[in-house]
Amino acid sequence: MSTSELVALVCCDLGAIVRGRSVFAAELDEHLRAGVGWVPANHALTPLGPVAEPNPFGSTGDLRLLPDPDTRALVEADESTSALDLMLCDIVETDGRPWECCPRGFLRDTLVELERELGARLLASFEHEFQLLLDSPAALPFTLEEQRLVQPFPTRVMGALMDAGLEPERFFAEYATHQFEIPVAAAEGMASADRSVLLREIVREIARRQGMRASFVPLLDPAQAGNGVHIHLNLLDASGASLLYDAARPACLSELGGRFAAGILLHARALSALTAASPVSGARLTPHRWSAGAVCLAQRNREALLRIPPVVDLADAHPATQLHLEYRGADATANPYLALAAILRAGLEGVRTQLPAPPILECDPAQLDPEDAERFGVGALPRTLEESLQALTDDDAARAWMTPLLYDAYVSVKHAELDAARDLDLEEICRRYAAIY
């Protein structure tokens with residue numbers, strides 16, 4: 001090991017930006033015990049650069065970034081650059097106690113609550129879309145030609161993700177210009193959100209090494225489809241059996257699964273503040289953008305916020321191991337720990353209050369008349385970040401998911417983003433956020 005090799009100890013902040021500090025790899029053991037210094041005000045940094053003002057932190061306080069060794073990911077050096085070696089961290093107090101605004105801590109607490117109340121463990125995956133920002137013309141959507149045009153990027157990125165232990169499943173061209181998607185295998189609990197953070201950084205790293213830039217911006221061109229993050233989730237009991245599966249019920253979704261889905265739909269507008277978290281995000285979540293144009297539960301329908309993906313009879317796996325829910329209203333401006341925890345907490349609310357299972361929509365929501373739309377619970381997500389933040393404020397249950405300090409910090413950052421984007425048209429906002437994400 002070279003004495004100059006570095007390991008980056010990083011966290012994902014409230015704006016889903018990865019920040020941190022690098023240490024000598026030879027001194028890593030010391031930092032595994034004590035971490036590295038951090039300050040609360042770093043959590044008030046906006047994706048656009050400046051610190052949000054006002055914010056609840058000010059200039060006081062000290063924290064530590066405490067590395068989780070299980071998250072270490074390495075992209076080996078090549079002829080063009082040094083290795084990328086990084087490790088995700090919890091944000092803790094200087095005595096090691098959890099810090100109440102740590103996103104990983106927020107998800108960890110939610111997972112404990114999920115197991116305590118439902119006896120459930122989470123199995124989840126994040127399915128990312130992104131675009132390569134190239135000047136060259138794109139091939140047709142979904143084509144092999146588009147994949148071949150950007151080689152060796154597909155081969156290298158899939159290899160790097162595999163080497164990092166993220167279990168990539170497929171690489172394919174998507175609908176928009178130079179748009180691609182990489183699903184990864186589901187992981188249990190915290191690891192699923194960790195994989196989301198690591199995938200974004202590895203994709204960006206491999207693109208940089210080829211002289212390209214990869215962007216996960218929710219909307220690059222207002223005239224085209226955008227980039228979403230589809231969050232797939234299942235709940236397992238202590239034996240590993242699915243709590244969402246019941247062959248005797250509609251779409252094989254269990255009574256608990258129906259109530260869980262109903263909770264997500266009930267709090268959908270507030271959830272949007274945490275899952276579609278930028279001034280660009282709302283413009284993607286409109287009908288016929290292949291995103292989530294309607295707040296409803298559906299099967300085989302890509303306009304719905306919450307979807308039950310089909311069980312594939314050709315597969316060897318039993319239907320019970322395949323059935324799960326897919327939340328389609330997220331994007332990469334959302335912190336994956338906050339987004340996943342909020343979805344789980346919304347589902348828990350539905351189970352606690354014994355909400356009835358929502359009806360399952362089979363058609364395009366745009367085809368419904370007003371009476372049918374009401375029967376299926378079809379509504380629209382907020383069109384703007386301002387609307388979604390107001391929905392979060394108005395939803396007492398959703399607001400209570402976060403501590404007052406975390407809520408104030410999050411809202412402060414998001415209002416600072418709104419202020420910075422207020423006088424910009426949508427095309428300019430898309431360009432600004434494409435350069436960030």
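Two strands count as paired here when DSSP finds at least two bridges between them. Keep that in mind for the close-ups below, which come from a predicted model.

**View 1. Strand β9 and its partner β7.** Strand β7 covers residues 121-132, and β9 runs over residues 179-182. The two strands pair in the antiparallel sense, joined by four bridges.

**View 2. The β8–β9 hairpin.** On β8 (residues 172-173), the pairing with β9 is again antiparallel, over two bridges. Here F172 has E181 as its bridge partner in β9. Five residues lie between β8 and β9 in this hairpin, and H178 in the turn has a positive phi of about 45°.

**View 3. The two faces of β9.** In a regular strand, side chains alternate between the two faces of the sheet. Look for Q179 and E181 pointing one way from β9, with F180 and I182 pointing the other way. Are these four residues buried or exposed? All of them are buried.

**View 4. The nonpolar cores.** The largest nonpolar core has 133 residues, and F130, F153, I231 and L325 are those with the most contacts inside it. Helix α10 (residues 336-352) gives the most to this core, with 11 residues. A second, separate core has five residues, among them A294, C296, A298 and L361.

Terms used
Residues numbered from 1 in each chain as written. Predicted model: local features only at pLDDT ≥ 70, side-chain atom pairs only at ≥ 80, totals over all residues. Heavy atoms only, no water. Core = buried A, V, L, I, M, F, W, Y, C linked by side-chain atoms within 4.5 Å. Buried < 20%, exposed > 50% of the residue type's maximum accessible area, 1.4 Å probe, protein only.
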